[in-house]
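Trainee: I'm new to this one, could we go through it together?
Mentor: Gladly, let's bring it up and take your questions in turn.
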Amino acid sequence: MDGDTTRQPAWLTAIDAIIVRHCGLTSLPRRAWRLEGRIRQRTQALELNHPSRYLALLTGPSARQEIARLVAAVRVDQTTWMRHKDQLDDLTTIIGSRNGAAHIWSAGCGRGQEAYSIAMLLADAYPTRDFTVLGTDLSEDAIAQAKQGRYPMNEMVGIPARLLAAFWHLSEDAARTTEALRGHISFRVHNLLTDPLPTPQDVIVVRNVLMYFAPSALRTVLNRLATVLVPGGILVTGPSEGHLVRDVFTPLPSANGILWTTSSAEQLPARTEGGDRRHVAWSQDPDPARSPLTSGTLDKQPGSIDPFQPTVRRIKGTFPPERLDALKQELFELVERPSARFIVDLDDVEFLCDEAADLFLRLSAHVEQLGGRLEVTATRPGVRHWIERWNLPEHPTDDDRA
Ligand SMILES: C[S@@+](CC[C@H](N)C(=O)[O-])C[C@H]1O[C@@H](n2cnc3c(N)ncnc32)[C@H](O)[C@@H]1O
């Protein structure tokens with residue numbers, strides 16, 4: 001399936017729109033194959049003779065449960081412990097530089113790794129500091145596991161050994177969080193698009209979530225987040241998501257491509273579940289000039305990199321397995337550049353062997369470990385099909401955005 005939405009069946013577009021209205025997530029055009037596959041599977045399982053009958057079911061009285069099933073199948077839930085560690089380290093430093101209790105919301109926290117990672121770093125750096133981490137996600141299953149605080153041992157990858165020893169009870173096959181760490185964190189099923197908002201937060205960490213939203217839903221979610229962030233508070237997006245929030249939030253100068261943004265627009269009074277309480281943990285110090293990131297107290301060179309400017313490389317030629325090394329060399333040269341976002345344009349490539357997909361995936365994981373993002377892009381249908389088949393992180397083309 002290529003990016004031309006006019007060639008998508010009407011039932012697919014209509015079902016995607018239902019999911020967008022439910023939770024903001026869109027599968028079109030990049031993950032259309034995934035949604036379509038799931039729809040066909042469900043159509044068959046329910047013994048309906050055509051996906052358009054399944055569409056009718058999704059608009060009927062028992063639609064809610066079926067929509068939730070679809071969302072579970074299409075949501076992207078990839079996460080890791082200590083993901084984009086640079087960001088988390090800087091966040092810890094900023095919180096340490098401010099007074100009072102800190103309230104942090106990890107929105108779209110998946111199975112809890114992000115919330116636990118933040119809490120571990122804070123509790124380790126400031127053992128007596130008062131802070132809370134609220135972890136929320138759309139997925140009931142994900143939140144159930146997060147609440148349990150128990151993970152298979154083989155998943156506990158990327159956590160410094162000292163933190164693992166301090167905050168987890170370890171057995172041969174599983175790790176269980178200590179009460180002390182768990183005491184800082186609460187979890188809750190929550191839909192960012194539609195559910196009542198929590199009480200105001202000093203920090204909102206919403207990483208690798210916004211990029212999956214349809215534009216209309218994105219706007220609504222950003223406005224909602226803005227109402228919940230205290231004045232002078234900080235919004236943390238994924239390294240490649242800054243451009244999505246610029247209309248509503250202002251970037252703080254930062255280095256290493258880390259995107260820290262603070263709310264710019266005049267704050268509306270927050271309408272929250274807990275009433276109109278605006279807690280003021282940091283409002284004594286709302287001056288961004290005193291932020292470590294703007295005053296340069298971090299060991300970084302603020303402004304040395306514009307995190308919004310990706311480095312783009314147009315690759316040309318034919319890459320059968322025997323020319324994979326040439327491609328590898330070109331890509332490695334690219335990611336050595338001082339940027340956090342890399343876009344590889346594949347429109348001039350005549351042939352790519354399947355091993356090249358593996359190379360892109362490994363390189364993208366490597367860049368992500370360093371807090372950046374590598375995306376591929378193309379407008380030619382054949383190349384797009386190849387990108388989608390391998391589920392490579394894709395940079396939207398102008399057509400996608402239209
Ligand atoms: C790719 S994961 C990112 C997890 C984590 N923030 C990280 O960066 O590792 C995206 C998460 O966002 C959640 N999500 C998607 N739409 C959401 C919505 N409308 N409300 C709340 N969570 C949502 C998904 O369920 C998924 O767990």
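Trainee: Where is Met82 found?
Mentor: Met82 sits in the loop between α4 (63–74) and α5 (85–97), where helices (H or I, at least four residues) and strands (E, at least two) are DSSP runs numbered from the N terminus. This is a predicted model, in which local features need pLDDT of at least 70, side-chain atom pairs count only at pLDDT 80 or more, and totals for chains, interfaces and linings use all residues. Residues are numbered from 1 along each chain as its sequence is written, and side-chain values use heavy atoms, with hydrogens and water left out.
Trainee: Is Met82 buried or exposed?
Mentor: Met82 is buried, at a relative accessible area of 6%; buried means under 20%, exposed over 50% and partly exposed in between, with a 1.4 Å probe and protein chains only.
Trainee: And what is its phi, for Met82?
Mentor: The phi of Met82 is near 55°, which is positive in a residue other than glycine. Most residues other than glycine have a negative phi, and most peptide bonds are trans.
Trainee: Which peptide bond is cis?
Mentor: The bond from Leu28 to Pro29 is cis, with omega near -5°, and Pro29 lies in the loop between α1 and α2 (32–45).
Trainee: Switching topic, what about Asn208, where is that found?
Mentor: Asn208 is in the loop between β7 and α10; its phi is positive, about 60°, although Asn208 is not a glycine, and at 12% relative accessibility Asn208 counts as buried.
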